[in-house]
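Dear colleague,

Please find the structure we discussed below. I would be grateful if you could look through it alongside the notes that accompany it.

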Amino acid sequence: MRKKIIEKRLGEIFLPISFFLGILVAWEAFVFIFNIPEYLLPKPTEIFSEIAKNLSSLLKHTGITMLEAAIGFLLGNTLGFIVAVIFSHSETAEKGLYPYAIALKTTPILAMAPLLVLWFGTGIISKIVASAVVCFFPILVNTVKGLKSVDKDYLDLLKSFSAKKHQIFIKLRLPNSLPYIFSALKISTGLAVVGAIVGEFVGAKEGIGFIILTSTYHLETVKMFAAIIMSALGGILFFYLINLIEKYIVFWQKTENSF
Amino acid sequence: MKPIVEVKKITKYYNSLHVLDEISFDINKEEFVSIIGPSGCGKTTLLKIISGLVKPTKGKIMIKESSVETALKRREFGLVFQNPVLLPWRNALRNVELPLEILNYKGSWNSPRKLLEVVGLKSFENFYPNELSGGMQQRVAIARALTFEPSVLLMDEPFGALDEITRDKMNLELLRILEEERSIISTVIFVTHSIPEAIFLSNKIIVLSERPATVKEIIKVDLPKSRTPEIKYSKKYIELIECVRKLLKKD
């Protein structure tokens with residue numbers, strides 16, 4: 001039993017890493033053999049030496065972007081959760097406001113970003129807001145669904161204890177919605193980073209989006225790749241952090257298909 | 001003595017679907033009554049009407065001479081469903097404590113710990129529902145239903161989802177628990193579609209007809225008061241099975 005678990009873990013870690021290494025080797029060979037210029041596709045070794053050389057600066061910019069994403073994530077998810085709780089208590093609010101929530105979701109964040117920069121400036125706030133906007137919808141939809149999808153038997157059971165509405169909410173609906181909430185949070189981790197970077201594209205003096213944009217202007221493709229990799233690492237780290245928290249909080253849920 | 005539960009001409013329509021038709025019967029204190037009938041005849045609906053969770057279209061339920069709404073507020077019913085309906089984020093003990101928590105009760109009702117011991121789960125207090133077998137989960141559900149000392153225990157096919165061996169064992173366990181906790185609970189309404197189960201457990205069997213269900217017959221089970229598995233080989237038991245089977249077949 002234990003041995004099997006170890007084998008499974010090994011498969012989860014070992015396989016992706018070996019594939020990754022394989023792709024890097026193929027990439028390196030491809031660029032070398034076809035003599036592709038650096039500004040189009042740099043070699044992985046060049047990218048990694050660039051990362052190593054500018055690590056502190058890259059980390060600083062990644063840190064800023066991740067900070068924007070994290071604050072936006074907290075803000076968007078908190079607001080989305082609160083609105084979902086209001087929706088679950090008032091059908092009028094849900095019916096009246098849901099179309100606007102959908103409108104907010106369907107408007108591309110790229111289209112809104114310039115406006116956000118105009119309103120909130122080129123500093124960190126416009127990026128936080130962009131992140132919050134993209135995080136808002138998944139949590140709203142999932143929380144509403146989670147709060148509502150309570151099995152009728154459970155409701156009958158609590159009614160037989162003459163439970164009050166707020167007790168049903170706290171003891172039943174809220175914990176029942178946790179798996180739904182966490183699946184929204186996991187989707188949001190990636191979206192939050194996207195929101196922050198899009199905000200930085202429009203106007204910023206720092207952050208990973210700013211690095212990507214300026215390196216395009218100067219055809220510094222190596223630097224751009226380095227920045228892309230850093231943003232990806234930030235996103236992955238963020239995702240696994242939430243994944244880890246989920247495993248502790250929603251421990252009763254089978255987490256085999258947790259993506 | 002007045003009956004504990006009076007079912008008076010209960011009729012139920014779901015939209016145009018006629019489910020129950022003028023069902024009447026009484027249940028006395030210390031009776032174990034089974035409701036049996038063809039599947040889909042509305043047994044569960046009847047049980048839900050008795051417990052006040054579903055409103056009848058016509059008719060009335062009286063619990064200890066007051067309305068079912070009052071009875072629900074007074075928490076006269078302990079419910080056990082076909083599924084255990086345990087909260088997966090609470091361990092066995094915390095599931096049994098749930099009713100007391102909701103009632104904010106700090107008095108001297110049954111200790112959840114003791115009830116878990118009674119249902120044979122003393123060493124499983126800290127186990128979560130997904131770590132317990134189906135039979136064990138149902139034991140937790142029974143313990144939970146007894147915490148606030150309801151007047152009537154309502155069981156809706158509680159062992160229907162279990163395999164036959166476990167089911168037989170749980171039948172014996174239920175009788176043992178009821179015997180041990182006689183001071184707490186003595187009246188049971190038990191919905192089942194298993195004829196042997198109904199006869200083995202009950203003092204009285206209410207046989208319902210096909211939908212729209214009417215009371216076809218009320219059978220008194222005159223088997224010895226304390227039931228042992230040996231009863232199942234007695235002539236009387238086999239006759240009763242025959243009798244109920246014939247009643248259900250006639251439709």
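This is a predicted model: local features need pLDDT of at least 70, side-chain atom pairs count only at pLDDT 80 or more; totals for chains, interfaces and linings use all residues.

Chain A contains 10 helices and 0 strands, so its elements, by the assignment used here, run α-α-α-α-α-α-α-α-α-α from the N terminus on. Its C-alpha trace spans about 75 × 60 × 30 Å along the principal axes. Of the 259 residues in chain A, 36% are buried. Considering contacts in chain A between residues at least 6 apart in sequence, 79% join residues at least 24 apart.

Within chain A, helix α3 (residues 55-89) packs with helix α9 (residues 208-217) at an angle of about 125°, and their axes are 7 Å apart. Because this angle falls between the ranges for roughly perpendicular (65 to 115) and roughly antiparallel (over 145), α3(A) and α9(A) are oblique to each other. On the α3(A) side the contact is made by A:H61, A:T62 and A:T65, and on the α9(A) side by A:I208, A:G209, A:F210 and A:I211. By class, this contact has 3 nonpolar, 4 polar and no charged residues.

Turning to the interface, 14 residues of chain A are in contact with 17 residues of chain B. Two elements of chain A, α7 (152-160) and α8 (165-202), each give two or more residues to the side that touches chain B. The most come from α7(A), which gives 7 residues. The residues on this side of chain A divide into 7 nonpolar, 3 polar and 4 charged.

Yours sincerely

Conventions
Residues are numbered from 1 along each chain as its sequence is written. Chains are lettered from A and ligands numbered from 1 in the order in which they are written. Axes are lines fitted to C-alpha atoms, for helices over the stretch in contact, and angles run from 0 to 180 degrees between N-to-C directions. Helices (H or I, at least four residues) and strands (E, at least two) are DSSP runs, numbered from the N terminus. Angles under 35 degrees count as roughly parallel, over 145 as roughly antiparallel, 65 to 115 as roughly perpendicular and the rest as oblique. Two residues are in contact if their C-beta atoms, placed from the backbone, lie within 7 Å. Ala, Val, Leu, Ile, Met, Phe, Trp, Tyr, Cys and Pro count as nonpolar, Asp, Glu, Lys and Arg as charged, and the others, Gly among them, as polar. A residue is buried if 20 or more other C-beta atoms lie within 10 Å of its own, exposed if 12 or fewer, and partly exposed in between; C-beta atoms are placed from the backbone.
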